[in-house]
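Thanks for coming, everyone. Let me put the structure up, and then we'll walk through it.

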Amino acid sequence: MSNHLLSELAYTQLTEDWKKVLGEIFLRPEFAELSSFLEAEYSAGKMVFPDRKNLFRAFSLVRFEDVKVVLLGQDPYHGEGQANGLAFAVNDGLKTPPSLKNIFKELNADLNAYLGSKTSLEGWAQQGVLLLNTVLTVRAHEAFSHRGQGWEKFTEAVIKAMNNHPNPLVFILWGGPAQQKESLVTDKRHLILKAAHPSPLSAHRGFLGCRHFSTANSFLARTGREICWQKIDRSSE
């Protein structure tokens, strides 16, 4: 995978508004280094998640101007068939991962909302939730195997762009890697919410009971831009 091809994937998957916001990122040296790393992974026959067609899927479901919430995780699920390009999500019909189970548990406790087996989270994305990881790819069965290869610089640039968004946003940072991006959100119009990662290893250290869903909506309600967190997708409207 060359830098040209990785950039081509981005431009294929990004809408025109995101291209205007992020286009310069794909010309940076660190993006070329990331491309070289991914090329080596694929050339060595490594299984990498998510599928290439979904690398930038988080941006394909919501326009830049429509973003209300930036929900930041760490890296994609590393089990086969799980990662679909949206942070914390898996396609409907798959077994719900433990982290997502805890997210649903908190959602239910906070808003009495229930998504059941609807695990794709597309309904959130369609309403303006940018479901982004700090690292966008992972080697099969090796958590954080693509850390430190350039994705963090990409995510950093995205957060800086979102900091300049014309509307007040909610930045939800779950886990240490996500919280490392807090310093990039400098505009006081925005709301920053932080909690432990929803993984079973850390959820009881501040994630469960964080009430981020209701807190985000209280903030967004000032401009009439709340998220219907229990909405599944547009087809249910």
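Strands here are DSSP E runs of at least two residues; helices are H or I runs of at least four, and both are numbered from the N terminus. Two strands count as paired if DSSP finds at least two bridges between them. Within this pair, Leu71 stands opposite Ile172 of strand 5.

Before going further, a word on the source. This is a predicted model, so local features need pLDDT of at least 70, side-chain atom pairs count only at pLDDT 80 or more, and totals for chains, interfaces and linings use all residues. Residues are numbered from 1 along each chain as its sequence is written, and side-chain values use heavy atoms, with hydrogens and water left out.

How confident is the predictor? The mean pLDDT of the protein chain is 92, and 95% of its residues reach 70 or more. pLDDT is the predictor's confidence in each residue, from 0 to 100. Residues 233-237 have pLDDT below 50, and beyond near neighbours in sequence that stretch has 5 contacts in the model. Contact means heavy atoms within 4.5 Å.

Back to the sheet. Leu130 in strand 3 is the bridge partner of Val70. The whole sheet is open, with 4 strands in the order 3-2-5-6 and parallel pairing. Strand 3 and strand 6 (191-195) are the edges; each has a single partner strand, so one side of each lacks a neighbour in the sheet. On average, neighbouring strands are turned by 15° against each other, direction ignored. Helix 7 packs on this sheet, touching strands 2, 3 and 5, and its direction makes about 160° with that of strand 2. For those angles, axes are lines fitted to C-alpha atoms, for helices over the stretch in contact, and angles run from 0 to 180 degrees between N-to-C directions.

Now strand 3 itself, residues 129-132. Are its faces buried or exposed? Both are covered: Val129 and Leu131 are buried on one side, Leu130 and Leu132 on the other. Buried means under 20% relative accessible area, exposed over 50%, and partly exposed in between, with a 1.4 Å probe and protein chains only.

Leu130 is worth a look. Leaving aside neighbours within four places in sequence, its contacts include Trp18, Phe59, Val70 and Val158. Leu130 is also among the residues with the most contacts inside the largest nonpolar core, which has 74 residues. Such a core is a set of buried Ala, Val, Leu, Ile, Met, Phe, Trp, Tyr and Cys residues joined through side-chain atoms within 4.5 Å. Helix 7 (residues 151-163) gives this core its largest share, 7 residues.

Next, helix 5, residues 98-111. Its buried residues include Leu100, Ile103, Phe104 and Leu107. The buried set packs against helix 6 (122-127), strand 5 (170-174) and helix 9 (212-220).

Most residues other than glycine have a negative phi, and most peptide bonds are trans. Asn112, in the loop between helix 5 and helix 6, has a positive phi of about 55°. Asn112 is exposed, at 66% relative accessibility. Phe144 has a phi near 60° and sits in the loop between strand 4 (138-139) and helix 7. Phe144 counts as buried, at 18%. And the bond joining Phe49 and Pro50 is cis, with omega about -5°. Pro50 lies in the loop between strand 1 (48-49) and helix 4 (57-60).
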